[in-house]
Amino acid sequence: MIRTVKPKNARSKRALEKKQPKIVENVKTVLFVPGQTTNQALHDICIDFASLKEPYQKRLHKKNKILPFEDASSLEFFSEKNDTSIIVLSTSNKKRPNNLTFVRMFNYSVYDMIEMQVIGNFKLLRDFKTRAFQVGLKPMFTFQGQVFDTVPVFKQVKSLFLDMFRGEVTSLLDVAGLQWVISVSAVEEDDNNETVSKFPLVHFRVYKLVTYHSPEPKLPRVELVETGPRLDFKIGRYQLASPEVQKEAFKIPPQLRKKTKKNVETDMLGDKVATIHVGKQDLSRLQTRKMKGLKSRYDQHPEEEPVDNIEEEEDSQEKKRQKRE
């Protein structure tokens with residue numbers, strides 16, 4: 001590990017402050033490290049990945065003898081020295097040809113890693129004549145396949161690509177900035193051929209959005225044009241994050257935690273449901289005399305007894321008749 005020294009000037013102090021933990025995580029920088037047994041094909045693939053990751057990428061040019069699953073101390077050293085969160089190690093040998101090892105770091109220590117071997121029928125950016133997109137734009141992602149939500153290894157692959165190409169987190173959205181799409185698919189039919197892989201192959205594709213005129217004036221016609229690189233990965237060895245490290249990595253700082261409001265909850269649909277406590281009400285003061293039949297002159301007092309006897313009613317009617325005669 002690198003020694004922590006006291007900064008001697010303002011420049012070194014600012015450099016150390018950049019490495020300190022932040023409330024809002026910055027964009028993850030990717031470091032491409034060539035292994036001792038790398039080849040020209042992996043070198044070209046790493047260059048294409050670096051072009052997709054511009055400007056948040058760094059590349060080492062000298063070969064390094066690193067065995068990540070046996071000893072990852074060298075990768076941790078490179079991560080702290082270059083202040084990078086993701087490392088891509090390229091190696092190739094007879095047992096594992098054209099192998100890319102994706103390593104994610106947390107607190108300059110290995111969080112998880114996975115080997116993905118490139119199948120021979122790949123295409124690079126130079127093999128496509130389509131004009132590339134602008135640098136620094138956020139991509140749109142599509143993950144096709146049920147395994148990305150059910151199998152832990154493919155959940156790791158999905159999280160890895162999202163972290164690698166996420167870009168800056170922003171609430172502002174410009175339609176002109178939506179220029180390219182990264183499509184990652186895993187067809188379960190590939191699992192039938194166990195000679196290739198015991199897992200489905202991971203198909204990595206990159207497309208550019210191209211708009212054309214359409215009959216409708218306000219709705220253009222959108223098409224996807226492949227720009228490359230086109231890669232098919234075979235999943236090899238992998239190492240998942242331990243529960244303790246995963247719990248520490250997913251911890252939310254107190255400044256970003258939502259303050260809970262008393263008697264306020266959120267239901268399954270996202271609507272706020274609140275409990276209101278009302279004091280005791282005096283219903284005798286309730287205004288209900290807006291109707292003619294409810295006015296006070298029509299009220300019946302308790303001392304006035306209603307006429308219930310039919311005979312008394314008949315006597316009173318006879319008396320009225322006699323007076324009329």
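## Largest pocket

In this predicted model, 49 residues line the largest pocket, and Glu25, Lys28, Met105, Phe106 and Ala249 lie nearest its centre. A pocket here is an open set of points on a 1 Å grid over the protein atoms alone, where a 1.4 Å probe fits, with protein on both sides within 12 Å along at least five of seven lines; lining residues have an atom within 4 Å of a point. The space in the largest pocket is about 2,000 Å³.

Its lining comprises 20 nonpolar, 13 polar and 16 charged residues. H5 gives the most to this lining, with 5 residues; helices are DSSP runs (H or I) of at least four residues.

## Second largest pocket

About 570 Å³ of space lies in the second largest pocket. Of its 28 lining residues, Gly136, Leu137, Lys138, Pro139 and Trp180 lie nearest the centre. H2 supplies the largest share of the lining, 3 residues.

## Nonpolar cores

The largest nonpolar core has 37 residues, of which Phe49, Leu100, Met164, Phe204 and Phe233 touch the most other members. Such a core joins buried Ala, Val, Leu, Ile, Met, Phe, Trp, Tyr and Cys residues through side-chain atoms within 4.5 Å, buried meaning under 20% relative accessible area with a 1.4 Å probe, protein chains only. Helix H5 (residues 152-165) contributes the largest share of this core, 7 residues. Apart from this core lies another of 12 residues, including Leu75, Phe78, Met105 and Val110.

## Basis of the values

Residues are numbered from 1 along each chain as its sequence is written, and side-chain values use heavy atoms, with hydrogens and water left out. As the model is predicted, local features need pLDDT of at least 70 and side-chain atom pairs count only at pLDDT 80 or more, while totals for chains, interfaces and linings use all residues.

How values were computed: Buried means under 20% relative accessible area, exposed over 50%, partly exposed in between (1.4 Å probe, protein chains only). Helices (H or I, at least four residues) and strands (E, at least two) are DSSP runs, numbered from the N terminus. Grid points are joined across faces, edges and corners, and a volume is the space filled by probe spheres set on the points. Ala, Val, Leu, Ile, Met, Phe, Trp, Tyr, Cys and Pro count as nonpolar, Asp, Glu, Lys and Arg as charged, and the others, Gly among them, as polar.
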